Amino acid sequence: MFVTPAYAQAAGAGGAFTSFVPLILIFAIMYFLLIRPQQKKVKEHKAMVEALRRGDQIVTQGGLIAKVTKVVDDNEVKVEIASGTEVRVVRHTIQQVLTKTEPAS
């Protein structure tokens, strides 16, 4: 009726590796469902921001639709939000490129 001590000790002997298997599976699932797609999205955004050129129409994270008039440096661009109104925008706040201009031949 009761479990003898010999059986109880034998059941816990193989538990060192098997106790880590669920943690490893949880980490693998989290990596493939959350971490890897986010890294891919960041990589695509970085490539999009680096490829900005004069004449591209963009959308900022604040929702402004603007046209790139000048690429100032690695961190900012000058955009025109209305005719005659130019502002400087940090490159990483650009969310989307609506239309790309073709490079000059």
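**Fold, core and charged pairs in a predicted model**

The protein chain has three helices and five strands, where helices (H or I, at least four residues) and strands (E, at least two) are DSSP runs, numbered from the N terminus. From the N terminus on, the order of elements reads α-α-α-β-β-β-β-β. This is a predicted model, so local features need pLDDT of at least 70 and side-chain atom pairs count only at pLDDT 80 or more, while totals for chains, interfaces and linings use all residues. Residues are numbered from 1 along each chain as its sequence is written, and side-chain values use heavy atoms, with hydrogens and water left out.

Of the 105 residues of the protein chain, 15% count as buried; here buried means under 20% relative accessible area, exposed over 50%, and partly exposed in between, with a 1.4 Å probe and protein chains only. Looking at contacts (heavy atoms within 4.5 Å), 40% of those between residues at least 6 apart in sequence join residues at least 24 apart.

Now to the sheet. Five strands make up an open sheet in the order β4-β3-β2-β1-β5, with antiparallel pairing; two strands pair if DSSP finds at least two bridges between them. Strands β4 and β5 sit at the edges, each pairing on one side only. On average, neighbouring strands of this sheet are turned by 45° against each other, direction ignored. For these angles, axes are lines fitted to C-alpha atoms, for helices over the stretch in contact, and values run from 0 to 180 degrees between N-to-C directions.

Strand β3 (residues 76-82) pairs with strand β4 (residues 85-90) in the antiparallel sense, over six bridges. Glu80 has Glu86 in β4 as its bridge partner. The hairpin of β3 and β4 has two residues between the strands, and Gly84 takes a positive phi near 85° there. On the β2 side, four bridges join strand β2 (residues 65-71) to β3, again antiparallel, and Val68 stands opposite Val79 in β3.

Ile94 belongs to strand β5 (residues 94-99) and counts as buried because its relative accessibility is 0%. Leaving out residues up to four places away in sequence, Ile94 touches His45, Met48, Val49, Leu52, Ile58, Val59, Thr60, Val77 and Val89. The C-alpha atoms of Ile94 and Val59 are separated by 6.1 Å, although the two residues are 35 residues apart along the chain.

On to the charges: the structure holds two salt bridges, each being a side-chain nitrogen of Lys or Arg within 4 Å of a carboxyl oxygen of Asp or Glu. In one of them, the side chains of Asp56 and Lys100 meet at 3.3 Å, N to O. Asp56 lies in the loop between α3 (21-50) and β1 and Lys100 in the segment after β5, so the pair ties together parts that are 44 residues apart in sequence. Asp56 is buried, with a relative accessible area of 0%, whereas Lys100 is partly exposed at 41%.

Glu76 and Arg88 also meet through their side chains in a salt bridge (3.3 Å, N to O). This pair links distant parts of the chain, with Glu76 in strand β3 and Arg88 in strand β4, 12 residues apart. Is Glu76 buried or exposed? Glu76 is buried, with a relative accessible area of 19%, while Arg88 counts as exposed at 60% relative accessibility.

A search of the whole structure finds one aromatic pair, formed by Tyr31 and Phe32 in an edge-to-face arrangement, 5.1 Å centre to centre with 80° between the planes. Rings of Phe, Tyr and Trp (its six-membered ring) pair if their centres lie within 6.5 Å; planes under 30 degrees apart count as stacked, over 60 as edge-to-face and the rest as tilted. Tyr31 is partly exposed, with a relative accessible area of 30%.
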